[in-house]
Amino acid sequence: MNEPETAALLAAAKVLDPRFPKPDEHGVLVRLWQQQLRQVPFPAAQQALLSYYASERYRQHRQPISAADVLGEWRDAHRAAEERHRSHRALTQARQHPFDPDRLHRGVDQAVTQLAQRWHIRRGLNPQQAHERAAADRAARRAWLSVACPHCRAPAGEPCWRPTPRAVGRVRRTQPHPSRITEALQARHDTGTG
Ligand SMILES: [Zn+2]
């Protein structure tokens with residue numbers, strides 16, 4: 001608010017509340033209020049004035065509004081509006097990107113392929129060869145993951161287990177047991193997809 005707007009706000013306060021101090025002719029009150037409320041837009045300050053004099057708080061103590069009250073009302077309204085805006089945006093995004101398990105799986109596939117590709121490049125393949133090897137790795141991984149392991153009994157969809165010394169637990173293997181690969185190849189052969 002600038003000074004004329006602040007003067008208009010104080011005049012409105014005086015109309016609403018006979019106990020509100022009458023602005024002095026030197027404009028000291030106006031300048032003090034304007035300094036405190038320079039960041040508050042005039043319509044928001046008017047709204048703050050109206051809601052203050054309609055509030056339960058005012059009905060109880062009947063104190064004239066202060067610049068700090070206007071600032072507080074404005075900050076509360078500002079926060080509430082931002083909160084509404086944020087939750088609206090979150091809702092819109094959720095509607096635009098509903099959870100899609102297929103996309104998740106594609107993402108995992110891509111990540112696995114890229115890791116494999118980097119691994120092959122570090123071992124001396126050129127990028128094209130590495131890409132082909134990585135794609136083959138991914139297809140193989142998908143194939144053996146689709147069957148249970150006859151050796152360690154890992155169910156379909158889960159990597160093989162490796163027994164640990166002293167049987168304190170089991171650890172996942174990054175590579176499947178050979179019999180699981182045989183099993184996967186056999187399954188593909190049986191269904192005619194391999
Ligand atoms: Zn296994």
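Student: Is His-78 buried or exposed, and why?

Tutor: The general idea is to count neighbours: a residue is buried if 20 or more other C-beta atoms lie within 10 Å of its own, exposed if 12 or fewer, and partly exposed in between, with C-beta atoms placed from the backbone. His-78 counts as exposed because it has 12 C-beta neighbours inside 10 Å. One caution: this is a predicted model, in which local features need pLDDT of at least 70 and side-chain atom pairs count only at pLDDT 80 or more, while totals for chains, interfaces and linings use all residues. Residues are numbered from 1 along each chain as its sequence is written.

Student: Where does His-78 lie?

Tutor: Helices (H or I, at least four residues) and strands (E, at least two) are DSSP runs, numbered from the N terminus. His-78 belongs to helix 5, residues 67–96. Its C-alpha is 9.2 Å from that of Ala-44, a residue 34 places away in sequence.

Student: What pattern does the chain follow along the sequence?

Tutor: It reads α-α-α-α-α-α-α-β-β-α, which comes to eight helices and two strands. Of its 194 residues, 15% count as buried.

Student: Which residues of helix 1 are buried?

Tutor: They are Thr-6, Leu-9, Leu-10 and Ala-13. Helix 2 and helix 3 are among what covers the buried residues.

Student: Which residues touch the most other members of the largest nonpolar core?

Tutor: A nonpolar core is a set of buried Ala, Val, Leu, Ile, Met, Phe, Trp, Tyr and Cys residues joined through C-beta atoms within 7 Å. Here the largest one has 14 residues, and Leu-9, Leu-37, Ala-45, Leu-49 and Val-70 touch the most other members. Helix 1 (3–16), helix 2 (28–36) and helix 3 (42–53) each supply at least two residues, with the largest share, four residues, coming from helix 3.

Student: What is Leu-37 in contact with, leaving aside neighbours within four places in sequence?

Tutor: Two residues are in contact if their C-beta atoms, placed from the backbone, lie within 7 Å. Leu-37 meets that test with Met-1, Thr-6, Ala-45, Ala-67, Val-70 and Leu-71.

Student: And what does Ser-146 touch, not counting residues up to four places away?

Tutor: Ser-146 touches Ala-156 and Ala-184. Ser-146 sits in the loop between helix 7 (127–145) and strand 1 (161–163), and counts as partly exposed because it has 13 C-beta neighbours inside 10 Å.
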